[in-house]
Amino acid sequence: MVTIYNSSLQKATFFLTGFQGLEELHGWISIPFCSIYLTVILGNLTILHVIRTDATLHEPMYYFLAMLALTDLGLCLSTLPTVLGIFWFDAREIGIPACFTQLFFIHTLSLVESSVLLSMSFDRYVAICNPLRYSTILTPRRIVKMGLSSVLRSALLILPLPFLLKRFHYCRSHVLAHAYCLHLEIMKLACSSIIVNHIYGLFVVACTVGVDSLLIFLSYTLILHAVLGKASRQERLRALNTCISHICAVLLFYIPMIGLSLVHRFGEHLPRIVHLLMSYVYLLVPPLMNPIVYSIKTKQIRQRIVKKFEFVKS
């Protein structure tokens with residue numbers, strides 16, 4: 001644990017933390033993290049390349065998948081420098097501007113992912129419940145507007161957080177519990193009242209993730225009602241099969257988020273490493289697993305990837 005004695009330094013820096021007590025093993029711990037980051041980057045870039053280069057995948061469903069891959073890639077790159085910097089170089093010091101910038105991108109991209117998952121559920125709803133109007137409802141222009149609105153909503157809601165944190169005086173330890181900067185953790189280091197940050201944070205979560213999850217649940221309720229009304233069992237299975245990949249992506253996003261919230265709320269007695277692992281699961285598992293799930297469960301993506309590898313080998 002690092003102690004800061006210089007008051008001027010206190011105002012300029014925070015100190016990040018890896019796996020406390022296991023510093024001598026950071027080199028070995030970095031190996032699975034490097035593997036995860038490399039898999040995330042290669043997997044999402046592969047999805048983006050396949051969608052961009054194959055004209056048959058230029059459809060609304062795959063445009064939304066490309067948005068999800070871009071978001072996952074950005075979320076991965078937001079934490080990669082500080083996480084690997086600690087493991088490889090013991091680079092724990094981070095300037096407050098850099099810390100607040102990282103915080104902004106992590107929280108913004110998390111909200112963007114929630115919005116993209118909502119857009120994808122709307123895509124599945126239209127495809128199953130109103131297939132004849134699918135191409136007229138989800139036009140390229142409308143898809144671009146949906147993507148831009150997701151980014152703007154998330155960025156505008158998160159933008160006040162760095163300014164709310166900037167007004168605080170941090171007279172306590174500047175040592176953070178993670179290898180990256182998060183709003184909840186930084187505001188706890190402030191000496192003055194943080195009630196405004198608490199209220200605004202709850203407001204942001206409620207009107208983004210809360211609303212998105214309710215609308216996703218509603219869309220699948222309507223989808224299930226429409227599927228059960230189909231005549232044959234084969235048609236019902238075919239319709240549900242188109243939703244499996246998206247349902248997996250939703251579960252991969254919301255289950256770690258709920259688990260992390262429960263650990264923070266009720267897990268004060270749990271070892272600190274449990275909190276660390278849950279935070280890494282929340283940030284790294286969705287970007288890691290989404291390309292894998294879509295490559296396995298989406299026939300068109302799987303076939304195109306196989307063709308790409310066969311072409312490279314030939």
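Student: Over residues 94-122, what percentages of the chain are helix and strand, and how far apart are the end C-alpha atoms?
Tutor: The model is predicted: local features need pLDDT of at least 70, side-chain atom pairs count only at pLDDT 80 or more, and totals for chains, interfaces and linings use all residues. Residues are numbered from 1 along each chain as its sequence is written, and side-chain values use heavy atoms, with hydrogens and water left out. Helices (H or I, at least four residues) and strands (E, at least two) are DSSP runs numbered from the N terminus. Over residues 94-122 the chain is 93% helix and 7% strand, with the end C-alpha atoms separated by 40 Å.

Student: Which residues does the UniProt annotation "transmembrane region" cover?
Tutor: UniProt positions are given in the numbering used here, feature names are shortened, and annotations may be inferred rather than shown by experiment. One of the annotated stretches, residues 28-51, is 100% helix and 0% strand in the model. According to the unreviewed entry, the annotation covers residues 28-51, 63-88, 94-122, 143-165, 199-227, 239-261 and 273-294.

Student: Against which helices do the buried residues of α11 pack?
Tutor: Buried means under 20% relative accessible area, exposed over 50%, and partly exposed in between (1.4 Å probe, protein chains only). The buried residues of α11 include Ser245, His246, Phe253, Tyr254, Pro256 and Leu260. Contact means heavy atoms within 4.5 Å. The buried residues of α11 pack against α3 (60-89), α4 (96-129), α9 (195-228) and α12 (272-297).

Student: Which residues touch the most other members of the largest nonpolar core?
Tutor: A nonpolar core is a set of buried Ala, Val, Leu, Ile, Met, Phe, Trp, Tyr and Cys residues joined through side-chain atoms within 4.5 Å. Phe33 is among the buried residues of α2. Leaving aside neighbours within four places in sequence, Phe87 is in contact with residues including Phe33 and Tyr280. Of the 90 residues in the largest core, those touching the most other members are Phe14, Phe33, Phe87, Tyr170, Ile186 and Tyr280.

Student: Which residues line the largest cavity?
Tutor: On a 1 Å grid over the protein atoms alone, a cavity is a set of points where a 1.4 Å probe fits but cannot get out, a pocket is an open set with protein on both sides within 12 Å along at least five of seven lines, and lining residues have an atom within 4 Å of a point. Grid points are joined across faces, edges and corners, and a volume is the space filled by probe spheres set on the points. There are 3 cavities of 30 Å³ or more, and the largest holds about 60 Å³. Its lining, to which α4 gives the largest share at 3 residues, consists of Met61, Met120, Asp123, Arg124, Thr242, Ser245, His246 and Tyr294.

Student: Is aspartate 123 buried or exposed?
Tutor: Aspartate 123 lies in helix α4. Not counting residues up to four places away in sequence, it touches Pro60, Met61, Phe64, Tyr134 and Leu138. Because its relative accessible area is 2%, aspartate 123 is classed as buried.

Student: Which helix gives the largest share of the lining of the largest pocket?
Tutor: The largest pocket holds about 1400 Å³ of space. Of its 47 lining residues, the closest to its centre are His107, Leu182, Leu184, Leu260 and His264. The elements that give two or more residues to this lining are α4, α8 (183-187), α9, α11 and α12. The largest share, 9 residues, comes from α9.

Student: What is the relative accessible area of threonine 79?
Tutor: Threonine 79 lies in helix α3. Beyond its neighbours within four places in sequence, it is in contact with Tyr37, Gln102, Ile106, Tyr180, Leu283 and Leu284. Threonine 79 is buried, with a relative accessible area of 2%.

Student: What is the phi of aspartate 90?
Tutor: Most residues other than glycine have a negative phi. Aspartate 90 is in the loop between α3 and β2 (93-95), and it counts as partly exposed because its relative accessibility is 46%. Its phi is positive, near 55°.
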